[in-house]
Amino acid sequence: MTQQGLKSITPRVTGLPPSMQAVVADGAGRLVVVDRPVPEPGAGEVLIKVAAAGVNRPDVLQRRGLYPPPPNAPDILGLEVAGEVIAAGDGAEGLMRESVCALVAGGGYAEYCVAPAGTCLTIPKMLTAVEAAAMPETLFTVWVNLFERGFAADGDWVLVHGGTSGIGTMAIALAKLFNLKIIVTCGTDSKCARSLELGADAAINYREQDFVEEVHRVTARHGVDVVVDMVGGDYVPRNLACLAEEGRHVSIAVQRGATTEIPIVDIMRRRLSLTGSTLRPRSIEFKTMVADEIAKTVWPFVEGGRLKPVIDQVFPLTEADAAHQRMESGEHVGKIVLEVHR
């Protein structure tokens, strides 16, 4: 697939319309609903009849022109979907007619979406399509950065900024399942209270409290073992001050800036590690490996009813602009989801 031109479906797949509704950015910071050809799955890919699609912060950045899709990804927004597999390319036939959720590099805000078979997870009966669509992006992101790059282990203290965001709520849920102690920051007392209800061990109102001092108070001056940071900028040296010896700092976004000044001698003295990652540009092979790990390690909790996403609000696909306004308001708790109505 090229970025702009998605091939229409081949005649061997019957019963599909020639075109579909999809949502793209108009280049001026707005979202528009357009008609596009129904895409065709290639080798190792499936075509999903989308029931719901998750909304994520990178979608907002893409709409603003600040986060272009990677090469060969469609210009249609959306990084996660849930629905039924209705066509499959060579090597992916085993997923035909399965209900799946999938991580995609783009194309989710549409009635039909092509996904790599390797990034699909079968939806258990206890999850709705809306709930399933809200899981892949945050689940993959938290798993990779908290457990693989941050090496979070049983009993560790973890600090995550944005406790009521999609990432924050998923981090809280996974922390409880894997015996981590988690501290989150939020911008209001009500969001702090909600984070505690969801299972956070401590929640800090960063507008009223010094989160560095509060982290050390809560951990009895030990500090945290891992920081997962979406803020960047001047938060980074403050995050480092929160870390215990041998602590790990994982950057996943730079909302307050991509540069900062850090104390190198302190990093050496306390043997701190700084790392980070971005998920969207990674290879399909890497994402497939992560999906396999999640299927073995995390998905049994989903199938057992012990892990569900926190859903904030659901909008029709055609009201994606309102969904983005909700996200940009900062008032949401958990995930915002688009639902396809046919």
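Q: Which helices and strand each supply at least two residues of the lining of the largest pocket?
A: This is a predicted model, where local features need pLDDT of at least 70, side-chain atom pairs count only at pLDDT 80 or more, and totals for chains, interfaces and linings use all residues. Residues are numbered from 1 along each chain as its sequence is written, and side-chain values use heavy atoms, with hydrogens and water left out. Helices (H or I, at least four residues) and strands (E, at least two) are DSSP runs numbered from the N terminus. Those that each give at least two lining residues are α1 (57–63), α3 (136–149), α4 (166–177) and β9 (181–186).

Q: How much space lies in the largest pocket?
A: A pocket here is an open set of points on a 1 Å grid over the protein atoms alone, where a 1.4 Å probe fits, with protein on both sides within 12 Å along at least five of seven lines; lining residues have an atom within 4 Å of a point. Volume is the space filled by probe spheres set on the points, which are joined across faces, edges and corners. For this one you get about 1200 Å³.

Q: Which residues lie nearest the centre of the largest pocket?
A: The lining runs to 43 residues, and α3 gives the largest share of them, with 4. Nearest the centre sit Arg57, Ser165, Met230, Ala253 and Gln255.

Q: In β13, what is the bridge partner of Arg248?
A: Strands pair if DSSP finds at least two bridges between them. β12 (residues 243–251) runs parallel to β11 (residues 224–229), joined by 5 bridges, and pairs with β13 (residues 273–276) in the parallel sense over 4. In β13, Arg248 is partnered by Ser273.
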